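Subject: Structure handover

Hello,

Here is the structure we spoke about. Please open it alongside this note, and then read on for what was found.

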Amino acid sequence: MIKITPLFSGSKGNCTLVQTQKTNILLDLGYGYKQTVAALSKFGLAPNDIRAVVISHEHGDHIAALPHWTRNLPAKIYAPSKIADLICQRSYCSDVEEITGRFEIDEITADIYECSHDAQACLGYRFTSNGVSVASVTDTGCVNDALLDFLRPCQTIQLESNHDVDMLTKGAYSYPLKRRILSDYGHLSNAQTAEVLQKLDFSNTKRIVLAHLSLENNTKEIAFDTAVKALKNCGVTEGKDVSVYVADQFNNEVCF
């Protein structure tokens, strides 16, 4: 069995726990070190229980706690090859494992998805153990067939649902920032995430985690309602055919 748990999810910092019975992995370390340790303790884990840290990209909300973590702990760090040297520079790790394609961490096999984002390199990941897959894809601005194909094998999917377009366009952000978020190199909106959900096969996928919500340009209620409506439009009932969970920036205690 493989499980995925968002510890922190949003523009203030991101960190996701991926677990099997034998192996614990953190995907990103974008929130405070002490807060991450406290979040792990809710699941009976200490920092030394983490086998590896896998980095999606170099933006601060995904690596802010990496210097403190690598100063104190021996966990292996994996990062996209284009930013491996940068991750070394921004941490106390001199030996970052470069990700160029499929890789393995103990009994977990990881496949990669190249996100469309304004970073030097940004990857989504699909983790598989004993024939069961979970995926996490955030920080991407495009919905395409490659994304759908990447997600379809998964029982649990953590997918970005960053903003409500109307809230963003009418909000206080500067025009250049709005353009960035709405661009193909920005973030998925609720509507784009709904588009993905309508094209998935829910005979296989049973759990959806809506992640990386903007605190300023979205609400958990709007994101949830948009996703549930999209599922209903294709004959899928939330709570019966699939479970939808909206990840919180600070408080998440649900494993999938």
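In what order do the strands of the 7-strand open sheet lie? The order is S7-S8-S9-S10-S11-S12-S13, and the pairing is mixed. Two strands pair if DSSP finds at least two bridges between them. Strands (E, at least two residues) and helices (H or I, at least four residues) are DSSP runs, numbered from the N terminus.

Some ground rules. This is a predicted model, where local features need pLDDT of at least 70, side-chain atom pairs count only at pLDDT 80 or more, and totals for chains, interfaces and linings use all residues. Residues are numbered from 1 along each chain as its sequence is written, and side-chain values use heavy atoms, with hydrogens and water left out.

S7 (103–105) and S13 (243–246) are the edge strands, and each pairs on one side only. From one strand to the next, the twist averages 20°. Axes here are lines fitted to C-alpha atoms, for helices over the stretch in contact, and angles run from 0 to 180 degrees between N-to-C directions.

Look at S11 (residues 156–160).

S11 has parallel pairings with S10 and S12. S10 (residues 132–137) pairs with S11 over 4 bridges, and Val134 stands opposite Thr156. S12 (residues 207–211) pairs with S11 over 5 bridges, and Leu210 stands opposite Leu159. S12 also pairs with S13 in the parallel sense, over 4 bridges. There, Val209 faces Tyr245.

S10, helix H5 (residues 145–151) and S11 make a right-handed β-α-β unit. Right-handed here means that, with the strands pointing away from the viewer, the path from the first strand over the helix to the second runs clockwise.

Two loop residues

Asp139 sits in the loop between S10 and H5. Its phi is near 60°, a positive value in a residue other than glycine. Asp139 is buried, at 1% relative accessible area. His212 sits in the loop between S12 and H9. The phi of His212 is also positive, near 55°. His212 is buried too, at 2% relative accessibility.

The helices

H9 (residues 220–233) and H8 (residues 190–197) have axes that come within 9 Å and cross at roughly 30°. They are therefore roughly parallel to each other (under 35 degrees; over 145 is roughly antiparallel, 65 to 115 roughly perpendicular, the rest oblique). Residues in contact (heavy atoms within 4.5 Å) include Ala194 and Leu197 of H8 and Ala223 and Ala227 of H9. H9 also lies across S12 and S13, running at about 160° to S13.

The other sheet

An open sheet of 6 strands has the order S1-S2-S3-S4-S5-S6, with mixed pairing. S1 (3–8) and S6 (97–99) each have a single partner strand, so one side of each is left without a neighbour in the sheet. Neighbouring strands are turned by 25° against each other on average, direction ignored. Helix H1 (residues 33–41) packs on this sheet, touching S1, S2 (15–19) and S3 (24–27).

Best wishes

Methods. Buried < 20%, exposed > 50% of the residue type's maximum accessible area, 1.4 Å probe, protein only.
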